[in-house]
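Here is a short report on one protein model. Look at the sequence and the structure first, then read on.

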Amino acid sequence: MENKKRMAFRMHLKPGFKEEYKKRHAALWPEMKAILKEQGVSNYSIFLDEETGYLFGYQEVVGDAGSQDLGDRPIVQKWWDYMADIMDVNPDNSPVSIPMEQMFFLE
């Protein structure tokens with residue numbers, strides 16, 4: 001069995017875009033799904049804290065690189081461009097993503 005690493009990160013959704021964010025992710029492009037799976041990403045969830053607008057992402061990955069490390073892929077860059085109008089982003093349109101340290105785990 002492959003050794004999976006749990007990763008978590010925080011992003012920020014601009015006010016008023018909750019439904020649009022959900023809509024876009026409900027129709028996640030097949031190419032994006034494929035590249036995530038190829039990268040070894042699984043059990044990927046994103047949660048919203050409506051009070052602050054913070055998005056909490058959780059994923060399990062094989063290896064050390066997760067979804068936030070795929071910026072060299074053209075389809076990922078296209079997705080970032082697509083999402084840039086509703087999220088806080090860096091100059092290259094990648095989401096501002098803050099890694100979070102695991103403090104507790106119960107299996």
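Does S94 count as buried or exposed? At 10% relative accessibility, S94 counts as buried. Buried means under 20% relative accessible area, exposed means over 50%, and partly exposed lies in between, with a 1.4 Å probe and protein chains only.

## About the model

This is a predicted model, in which local features need pLDDT of at least 70, side-chain atom pairs count only at pLDDT 80 or more, and totals for chains, interfaces and linings use all residues. Residues are numbered from 1 along each chain as its sequence is written, and side-chain values use heavy atoms, with hydrogens and water left out.

## Overall build

The protein has three helices and four strands. Their order from the N terminus is β-α-α-β-β-α-β. The radius of gyration is 14 Å, close to the 13 Å that the globule rule gives for 107 residues, so the protein is as compact as a globular protein of that length. That radius is taken over C-alpha atoms, and the globule rule is 2.2 Å times the number of residues to the power 0.38. Helices (H or I, at least four residues) and strands (E, at least two) are DSSP runs, numbered from the N terminus.

The C-alpha atoms fill a box of roughly 40 × 30 × 25 Å along the principal axes. Of the 107 residues, 31% count as buried. Contact means heavy atoms within 4.5 Å. Among contacts between residues at least 6 apart in sequence, 70% join residues at least 24 apart.

## Helix 2

Helix 2 spans residues 30-39, and its buried residues are M32, I35, L36 and Q39. These four cover an arc of only 100 degrees around the axis, which puts them on the same side of helix 2. The arc is that of the directions from the helix axis to the C-beta atoms. An α-helix has 3.6 residues a turn, so residues three or four places apart point the same way.

What does the buried side pack against? The partners are strand 2 (41-49), strand 3 (54-62) and helix 3 (74-83). The face turned away from the buried side carries the exposed residues P30, K37 and E38. G40 follows helix 2, and its phi is positive, near 95 degrees.

Helix 3 buries V76, W79, W80 and M83. They cover an arc of only 100 degrees around the axis, which puts them on the same side of helix 3. Their cover includes helix 1 (18-26) and helix 2. P74 and K78 are exposed on the face turned away from the buried side.

R24 sits in helix 1. At 8% relative accessibility, R24 counts as buried. Leaving aside neighbours within four places in sequence, R24 is in contact with W79, Y82, M83, D85 and I86.

S94 lies in the loop between helix 3 and strand 4 (98-100). Beyond its neighbours within four places in sequence, S94 is in contact with W80, D88 and V89.

N93 is in the loop between helix 3 and strand 4. With a relative accessible area of 23%, N93 is partly exposed. Its phi is near 75 degrees, a positive value in a residue other than glycine. Most residues other than glycine have a negative phi.

## N43 in strand 2

N43 is found in strand 2. Phi of N43 is near 45 degrees, again positive in a residue other than glycine. At 48% relative accessibility, N43 counts as partly exposed.
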